[in-house]
Amino acid sequence: MDSSPSLLRTAIQSFLKHGGPNFRILDARARAAYLKGPRLVPSTNIPHKNLASVMFQLPPKSTAFAVLEASRETTVDPHDKNGQGTPRQGQDSTAYPPSGTSASTTSMLQMQGWNARWTFQDQPEFWSAFQSEVASLQSKSGSTTQLPQIESGQQSGKGRYHFLFQPNPFLVKVLPRIEHELVKSRWPTPTLNLLRCLDLGCGAGRDMIYMVARAPNQIAEQHAEWSVVGIDEWHVACERAEQLAHYTFGEDGPLSSEQQSNSKNINNNDDSNNSNGYASRVSTIVGRVDPKAGILWIKHKPSEIGRRITTPSLFLKNIRYEDSSHDDLILDTLKKHPEGSSDRFDLIVMIRFLERAVLAPMVEHWLQPGGFIVWSTFVADLDLPAYSKPGPAHRLNSKDEARTILQELGLEIIVSEISRVEDGKRSVANIVARKK
């Protein structure tokens with residue numbers, strides 16, 4: 001159509017004007033095309049064929065983001081088992097915006113309620129127009145927004161990992177201070193900067209992935225690096241967390257020509273391509289808390305909880321294993337070698353997690369001296385807006401309850417505040433506390 005160039009530039013201008021400052025771009029092309037480039041930075045690559053199974057990687061449905069669709073000439077027909085990119089009949093390879101076909105990533109997302117506001121297509125006209133519009137904005141005085149850039153070849157350097165999802169905002173805010181204090185406390189041995197975190201109620205692992213990515217993204221304080229163990233009672237959540245870790249980090253490092261020509265190698269979940277081992281720094285455990293005894297019971301056999309879940313052994317009191325033989329081994333080891341500081345965690349994160357019975361043993365046995373707790377969970381009080389979900393059993397009874405509990409356990413309160421979640425209606429109590 002004659003108006004397609006002007007429509008394309010109008011869409012790019014709208015995205016650059018309204019999509020920031022935290023630009024979110026879903027690149028729905030095949031992995032090989034994304035790695036080869038050109039690609040936008042920041043962008044997150046989730047191939048169209050994989051998207052339906054990883055919706056948990058997307059931002060909240062209210063958050064606007066852009067979608068980069070595959071070129072029409074290389075759109076893979078679902079009946080093309082060889083994945084060679086059979087062109088679809090009747091498609092205009094130069095039309096803009098793309099028509100709403102059933103294969104369109106944007107159409108699929110919009111039908112399910114996501115705010116996929118901008119759609120672009122992998123065509124030479126797009127890359128040329130995008131580069132031109134970015135250069136035009138950067139040349140104007142007073143423009144301070146960090147605009148997306150075009151990159152080709154292997155990813156490298158600062159900010160190599162980009163996410164569509166949003167980690168917990170309170171954790172993002174307080175983590176730099178925690179990293180600074182923890183690494184500083186290890187001086188004069190600053191090389192010991194690999195910190196251990198336990199994420200109770202880890203869900204799909206977004207906060208864990210964000211923490212591990214801080215080091216390669218060069219945003220961590222004092223060169224801190226994180227190894228994170230996540231625990232959730234829902235095995236699907238743990239599987240998703242490990243899937244997200246392997247998808248995010250498992251393909252790090254240069255690809256050989258053989259790997260580039262083999263789609264199985266390009267899209268595998270093996271850490272063989274991960275030269276820095278970041279995927280191995282995320283592990284998950286399926287566990288449940290006994291609310292009376294304050295014991296965390298862990299499922300141990302992979303056959304019971306899915307092969308993807310790693311289930312590391314934790315030699316700590318008040319952590320038991322449902323597999324009796326493994327439980328006996330842990331108990332026997334603890335009798336012979338009482339838990340040492342190396343088994344404990346530098347940070348325990350509890351986001352939307354409330355199991356009061358486990359707090360005392362958690363502080364006593366699982367947290368390092370000098371370690372931190374970050375706790376953000378739902379709260380109800382007379383002067384706070386009322387809401388129905390989650391119910392009373394899953395929220396604090398007052399604004400001061402979390403602070404009082406942790407102070408009675410001997411922790412120093414570093415930060416205490418009340419905020420609201422994304423819907424703007426429900427309140428959460430946010431606490432940072434440190435073990436003396």
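In this predicted model, four strands form an open sheet in the order β3-β1-β4-β5, and their pairing is parallel. The edges of this sheet are taken by β3 (44–45) and β5 (116–121), each of which has a single partner strand, so that one side of each is left without a neighbour in the sheet. Within the sheet, strand β4 (residues 65–69) runs parallel to β5 and is joined to β5 by five bridges; Phe-65, for instance, has Ala-116 in β5 as its bridge partner.

A second open sheet comprises nine strands, arranged in the order β11-β10-β9-β8-β7-β12-β13-β15-β14, and here the pairing is mixed. Its edge strands are β11 and β14 (411–420), and because each of them has a single partner strand, one side of each remains without a neighbour in the sheet. On average, and with direction ignored, neighbouring strands of this sheet are turned by 25° against each other.

Helix α13 (residues 359–366) lies across β7, β10, β11, β12, β13, β14 and β15, and runs at about 150° to β13.

Helix α6 (residues 169–185) also meets helix α7 (residues 206–213), the two axes coming within 11 Å and crossing at roughly 30°. Because angles under 35 degrees count as roughly parallel, that crossing makes α6 roughly parallel to α7, and the crossing of the two helices is right-handed. The contact brings Leu-171, Val-172 and Leu-175 in α6 together with Asp-207, Tyr-210 and Met-211 in α7; by class, the residues of this contact divide into five nonpolar, no polar and one charged.

Turning to charged pairs, side chains of opposite charge can pair when their charged atoms come close. A search of the whole structure finds 16 salt bridges, among them one in which the side chains of Glu-322 and Arg-288 meet at 3.1 Å, N to O. This pair links distant parts of the chain, since Glu-322 belongs to the loop between β11 (319–321) and α12 (324–336), whereas Arg-288 lies in strand β9 (residues 282–290), 34 residues apart.

Terms used. Residues are numbered from 1 along each chain as its sequence is written. This is a predicted model: local features need pLDDT of at least 70, side-chain atom pairs count only at pLDDT 80 or more; totals for chains, interfaces and linings use all residues. Side-chain values use heavy atoms; hydrogens and water are left out. Two strands pair if DSSP finds at least two bridges between them. Axes are lines fitted to C-alpha atoms, for helices over the stretch in contact, and angles run from 0 to 180 degrees between N-to-C directions. Angles under 35 degrees count as roughly parallel, over 145 as roughly antiparallel, 65 to 115 as roughly perpendicular and the rest as oblique. A crossing is left-handed if the near helix is turned anticlockwise from the far one by less than a right angle, and right-handed if clockwise. Contact means heavy atoms within 4.5 Å. Ala, Val, Leu, Ile, Met, Phe, Trp, Tyr, Cys and Pro count as nonpolar, Asp, Glu, Lys and Arg as charged, and the others, Gly among them, as polar. A salt bridge is a side-chain nitrogen of Lys or Arg within 4 Å of a carboxyl oxygen of Asp or Glu.
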